[in-house]
Amino acid sequence: QHYFTVLFGHEGQKPLELRCEDEVDGDEWVEAIHQASYSDILIEREVLMQKYIHLVQIVETEKIAANQLRHQLEDQDTEIERLKSEIVALNKTKEKMRPYQGNQEDEDPDIKKIKKVNMQSSVLKGRRVRWKGCTRKWKTIVQDYICSPHAESMRKRNQIVFNMVEAESEYVHQLYILVNCFLRPLRMAASSKKPPISHDDVSSIFLNSETIMFLHEIFHQGLKARIANWPTLILADLFDILLPMLNIYQEFVRNHQYSLQVLANCKQNRDFDKLLKQYEANPACEGRMLETFLTYPMFQIPRYIITLHELLAHTPHEHVERKSLEFAKSKLEELSRVMHDEVSDTENIRKNLAIERTIVEGCDILLDTSQTFIRQGSLIQVPSVERGKLSKVRLGSLSLKKEGERQCFLFTKHFLICTRSSGGKLHLLKTGGVLSLIECTLIEEADAS
């Protein structure tokens with residue numbers, strides 16, 4: 001049997017002893033209490049570690065590229081010295097041939113023609129040799145660049161851009177299905193004599209989906225136009241156009257849970273449910289439900305952040321677009337944090353209120369929006385034993401001679417202990433039912449006796 005003791009209040013007070021049904025459950029409770037205080041710090045540490053690893057990879061790539069360029073410069077210096085020595089040798093040969101030029105006027109014309117032909121053939125031969133040498137040299141330089149880290153990084157960067165265009169095309173197609181196969185038909189159905197759904201419910205379910213589709217159609221057309229000018233790819237100004245209009249995503253994300261709730265309520269109407277199944281049977285939907293299409297916009301901003309992160313990893317620091325892409329990435333990350341916090345806050349408030357409604361007496365601390373739910377479950381309250389005698393139990397009116405089952409709720413700031421009545425309702429313990437984690441010390445004990 002597994003025990004863990006939680007000390008609440010100041011030193012010297014009697015501890016609250018709770019026992020789990022098995023060791024695994026006890027370990028999970030202990031881990032949950034630890035996470036209630038340190039989860040945010042651990043997440044920040046993990047994010048910083050990932051950024052550090054990414055920066056180390058960039059530094060290593062830059063070192064390899066710098067080393068490659070250094071070797072190329074050394075090869076060029078060697079080639080320059082060789083060419084200089086060839087020029088000196090040619091000049092010496094020219095100086096030796098000058099004494100024979102004075103006797104050329106006395107020579108026979110046929111001999112002059114033969115010398116001229118020989119000289120031209122030797123010049124052409126020398127040019128062919130030099131041309132072959134230059135061709136071989138340039139071929140080597142091009143081959144070295146193709147195999148260099150910089151070229152590999154540029155290939156990956158281009159592939160990321162091409163994948164982004166394909167993903168954007170697929171996303172626009174999904175939005176097109178959402179609007180044309182669901183929103184517009186339901187809008188028409190709401191205007192019929194016997195509407196299966198009201199216009200207000202249609203607006204609540206789809207909100208600004210149509211506006212999001214128009215926005216991404218424009219963005220997709222811009223991406224395709226930039227790809228047409230490949231290998232010149234300028235993308236940052238497209239994100240500059242997109243960023244000011246992304247506030248509509250905040251409205252969609254904030255409304256997402258409510259829209260699914262409205263849709264679930266509308267499905268209770270048989271006429272609407274039958275009509276919706278007809279729409280979902282459309283071959284364009286490929287067997288997907290309306291809820292699936294409503295979820296796609298929730299993941300688009302994180303997808304852009306990942307794409308920009310990968311794009312910057314293969315963009316040189318001196319690149320003309322780097323600052324603009326970094327600015328776009330920072331703005332999208334800020335927007336993503338805001339949307340995530342709003343969704344998390346909404347979910348947390350709903351969870352806290354649901355728990356508060358199950359407690360007969362109510363619980364004011366659950367109305368605090370900063371109070372985050374961690375875990376709930378049944379635990380056994382163990383009577384404290386001191387000097388061979390049963391000491392007074394601090395919590396509740398539990399009999400001192402037996403153990404009692406408690407329904408416990410763990411939050412980031414408080415620990416709630418409730419009893420369940422025969423009717424299934426929860427009641428907070430009259431004494432110590434709400435315990436503050438700020439003044440607690442966790443002591444884990446595995447007592448064999």
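**Strand E2 and beyond**

Tutor: Three bridges join strand E2 to strand E3 (residues 373–382), and the two run antiparallel. Strands pair if DSSP finds at least two bridges between them. Strands (E, at least two residues) and helices (H or I, at least four) are DSSP runs, numbered from the N terminus. Within the pair, Leu18 sits opposite Gln381 of E3.

This is a predicted model, where local features need pLDDT of at least 70 and side-chain atom pairs count only at pLDDT 80 or more, while totals for chains, interfaces and linings use all residues. Residues are numbered from 1 along each chain as its sequence is written, and side-chain values use heavy atoms, leaving out hydrogens and water.

E2 covers residues 16–20, and four of the five are buried, so the rest of the structure largely encloses the strand. Buried means under 20% relative accessible area, exposed over 50%, and partly exposed in between (1.4 Å probe, protein chains only).

Next, the cysteines. A disulfide is a pair of cysteine sulfur atoms within 2.5 Å. By that rule, the count is zero. Take Cys20: the nearest cysteine sulfur belongs to Cys408, 9.2 Å away, and Cys20 is in no disulfide. Cys20 is buried, at 2% relative accessible area. Cys181 is in no disulfide either; the nearest cysteine sulfur, on Cys285, is 4.8 Å away. Cys181 counts as buried too, at 13% relative accessibility.

Go on to the cores. A nonpolar core is a set of buried Ala, Val, Leu, Ile, Met, Phe, Trp, Tyr and Cys residues joined through side-chain atoms within 4.5 Å. The largest has 58 residues, and Phe182, Phe206 and Ile301 touch the most other members. Helix H3 (residues 149–189) gives the largest share, 14 residues. Phe206 is in contact (heavy atoms within 4.5 Å) with several residues beyond its neighbours within four places in sequence. Among them are Leu178, Phe182, Phe252 and Leu294. A second, separate core has 16 residues. Cys408 is one of its members, and others include Trp29, Leu429 and Leu437.

Helix H5 (residues 209–228) has 20 residues and reaches 29 Å from first C-alpha to last, close to the expected 28 Å. That expected span is 1.5 Å times one less than the number of residues. Its buried residues include Ile212, Leu215 and Phe219. Over residues 66–93 the chain is 100% helix and 0% strand, with the end C-alpha atoms 41 Å apart.
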